[in-house]
Amino acid sequence: MVEATGGRDLRLEHVTKRFGTFAAVDDLSLTIPSGSFFALLGPSGCGKTTTLRMVAGLEEPTAGTIHIGTDDVTYAKPYKRPVNTVFQSYALFPHLDIFENVAFGLRRRGAKQIKQEVEKALELVELGGLAKRKPAQLSGGQQQRVALARAIVNRPAVLLLDEPLGALDLKLRRQMQIELKRIQTEVGLTFVHVTHDQEEAMTMADTIAVMNSGHIEQLGNPTQLYESPNTAYVANFLGQSNLIRATVVGTSGDDLLLDVHGSRLAAPVSRRASGDKELLIGVRPEKIHLGAPDEVVPDNHNVLRDGVVTDASFTGVSTQYLVRLPWDQEVMVFVQNLGVGGVLVPGTKVSLSWNPAHTFALDGSEDALAGVQLEEPVSVG
Amino acid sequence: MTVAQGIGVGERQVAGDQGEPSAPEVSRRGRRLTPYLLLLPGLGWLLLFFIVPIATLFSTSTQTRPPGSEIGVYVQTFRWANYVDSLSEYTTQFGRSFLYAFLATGLALAISYPLAYAIAFKSGRWRNLLLVLVIAPFFTSFLLRTIAWKQILADDAWVADGLRRLHLLSQSGHIINSPTAVVLGITYNFLPFMILPIYASLERVDPRFMEAAGDLYSNGITTFRKVTFPLSMPGVVAGTLLTFIPAAGDYVNSALLGNRNTTMVGNAIDSRFLRVVDYPTAAVLSVTLMAAILLLVGLYIRRSGTEELV
Ligand SMILES: Nc1ncnc2c1ncn2[C@@H]1O[C@H](COP(=O)(O)OP(=O)(O)OP(=O)(O)O)[C@@H](O)[C@H]1O
Ligand SMILES: [Mg+2]
């Protein structure tokens, strides 16, 4: 295509953006290695779009610097940056056909062989035959792919995607996720993908940054974030977590010994992200085994007895139970549907057990409900 | 969300199912007639005040005056030569009408576009005030405002005076009673008809398209040339039509601000109809003017390729 501008890291240092007195982005620092698929994940209004707009040059930071490679682009005009954006609303030019939409950036830069480049880009998004149509004559998914082609054809150092899949239905979204991932691998550009769909972030990204009210809560690969969240917010925002208050009563080898309302539990010392004596210990619902009240569990396993099933919802792949513990906390347990035994009815007495290695520990002063999503995230325009 | 949508769809289907069979034939036919019934008052109006007068006009254009009859009495003789006679007599006026209208439209466009652009994108909280100012001249009559121009452009007024001082106007030169004054008058009088459609069009241009253009390596000027201006074309087309059409038929400006050598078709029609009481010639000129405008407008719309955008 045009000159390959790839191969440069994107670096944000202490970037702050204030609207009036309100800090939409608050002292955010971030390095995105060249060629990676990076996801910015966070709830509505946490500053994801604002961050992208500053990288694209559509918004000027109140403080901090933005570098692409060694170039300081903090105050560079948008048209001078090696950055292209796939807008949430696509923003395809309605008066130009698909070919001209995709060719727009190339023409502005006086590129050679525009025809081949555009055709190649349209081929990549599998829209070869639609070059002569106007954007209004395409379906939402097709428009989205045109927006992608229009950006990719320029081979920017960084490609920004602002919830480009937000407007699509679930099936098309899944399909486009796979497509996007394939394209990214094929062209090897740096993708910064903004989303508030955690599943989308986890399936697509090499690295995820979880954002919360203008700052980054935690950054890591999907497994790290899921298995070892550093804060209650991340634990709850990324998947579901059971967070239980515990007090450290000692250590044994590599384990912390904990007291939880009279029960003795253990958690690896290495998985204590923060905190000292008063902790919140967490375990993911699918890691918990649901047994009979007096079930014999392997020696070193964590076990909580006297639980009562309060709710059971069968989802096909698994059954999701809510189990109330004696101190009135409800714990979520996912039991895989292996075809043995039926669904337990509410009221059944059960015991909960899990491998201590699956326990992570956070500072006890955190809000156990931070970042809880009450419902499936609803896509916001 | 999906569940809610599913329920919503379900309910609608249920309602539809109940509604269809119970709806009797009559009410369904009634429903099909409703749009036509709603059109009726409009059609009546059109028939009474547009079709009928035009038919009369057409018919008058081929009438002649019977020998020895009183002034103002004409009978239908289908004399098509009326067209040849009248048009050869008033070729100059036709040419002048279209020239003046063309110049005034161009001038109005040159003034209006930057103004509309500024109001749409740069005016901030002054926007509404500026829009009111654009419309404000309509609060006084067209005639009064043109008479005011007569004074503004008069030989002893500051405009002519200033131009003379700057040696842009010879000591004996005037602006009033000249083609310039007529074109300026027409421009002024139809300016709001140019500004408002362009403003409306620009106002509707989604700023996100401009951001996208910037993101795709366009500086401000290129963004305007390639995105903003093309997207405002519907307003430009509407504005030029709304200016050109009445300007081509105008006679007030020429009558008040011009001289004997600035008469336009409108003036000819006016004098033929009201002063000379030569109805057939006035009718021929009117019909021809209308046809010429329709033709020009048709060509213009086709050339500007904005049928789908309007
Ligand atoms: N131009 C602006 N003026 C004032 N406040 C703004 C402006 N743009 C954004 N904000 C505020 O900044 C915060 C972050 O906005 P932003 O658009 O970055 O959110 P987001 O994370 O992209 O959310 P979403 O997922 O809903 O798109 C919001 O609270 C928003 O109200
Ligand atoms: Mg956003």
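Author: A polar contact is a pair of N or O atoms within 3.5 Å, where within protein one atom must be able to donate a hydrogen and the other to accept it. The model we are reading is a predicted one, and by this rule seven residue pairs, both members at pLDDT 80 or more, are in polar contact across the interface of chain A and chain B.

Reader: Which elements of chain A give two or more residues to the side that touches chain B?

Author: They are α1 (48–56), β6 (83–86) and α2 (98–108) of chain A. By residue class, the side of chain A that touches chain B divides into twelve nonpolar, six polar and six charged residues.

Reader: How many salt bridges does the rule find across the interface of chain A and chain B?

Author: The rule finds one salt bridge there, formed by B:E211 with A:R53, whose closest N and O atoms lie 2.7 Å apart.

Reader: How should I read the size of such an interface?

Author: The size of an interface is often given as the accessible area lost when the parts come together. Here chain A and chain B bury about 2,000 Å² between them, and 66% of this area is on carbon and sulfur atoms. On the side of chain A, the residues that lose the most area to chain B are A:Y79, A:H95 and A:R108, which together account for 30% of what that side buries. In residue numbers, the contact takes 24 from chain A and 18 from chain B.

Reader: Turning to the strands of chain A, why is β13 described as largely enclosed by the rest of the structure?

Author: A residue is called buried when its relative accessible area is under 20%. In strand β13 (residues 263–268) of chain A, five of the six residues are buried, so the strand is largely enclosed by the rest of the structure. Six bridges join β13(A) to strand β12 (residues 255–260) of chain A, and the two run antiparallel; A:L256, for instance, has A:A267 as its bridge partner in β13(A). The two strands form a hairpin with two residues between them, and A:H261 in the turn has a positive phi of about 45°.

Reader: How many helices and strands does chain B have, and is B:I152 buried or partly exposed?

Author: Chain B has 13 helices and two strands, and 37% of its 310 residues count as buried. B:I152, found in helix α6 (residues 142–152) of chain B, counts as partly exposed because its relative accessibility is 31%. Leaving aside residues up to four places away in sequence, B:I152 touches B:A157 and B:V159.

Key: Residues are numbered from 1 along each chain as its sequence is written. Chains are lettered from A and ligands numbered from 1 in the order in which they are written. This is a predicted model: local features need pLDDT of at least 70, side-chain atom pairs count only at pLDDT 80 or more; totals for chains, interfaces and linings use all residues. Side-chain values use heavy atoms; hydrogens and water are left out. Contact means heavy atoms within 4.5 Å. Buried area is the accessible area (1.4 Å probe) that two parts lose on being put together, summed over both. A salt bridge is a side-chain nitrogen of Lys or Arg within 4 Å of a carboxyl oxygen of Asp or Glu. A polar contact is a pair of N or O atoms within 3.5 Å; within protein, one must be able to donate a hydrogen and the other to accept it, and residues adjacent in sequence count only if both atoms are side-chain atoms. Helices (H or I, at least four residues) and strands (E, at least two) are DSSP runs, numbered from the N terminus. Ala, Val, Leu, Ile, Met, Phe, Trp, Tyr, Cys and Pro count as nonpolar, Asp, Glu, Lys and Arg as charged, and the others, Gly among them, as polar. Buried means under 20% relative accessible area, exposed over 50%, partly exposed in between (1.4 Å probe, protein chains only). Two strands pair if DSSP finds at least two bridges between them.
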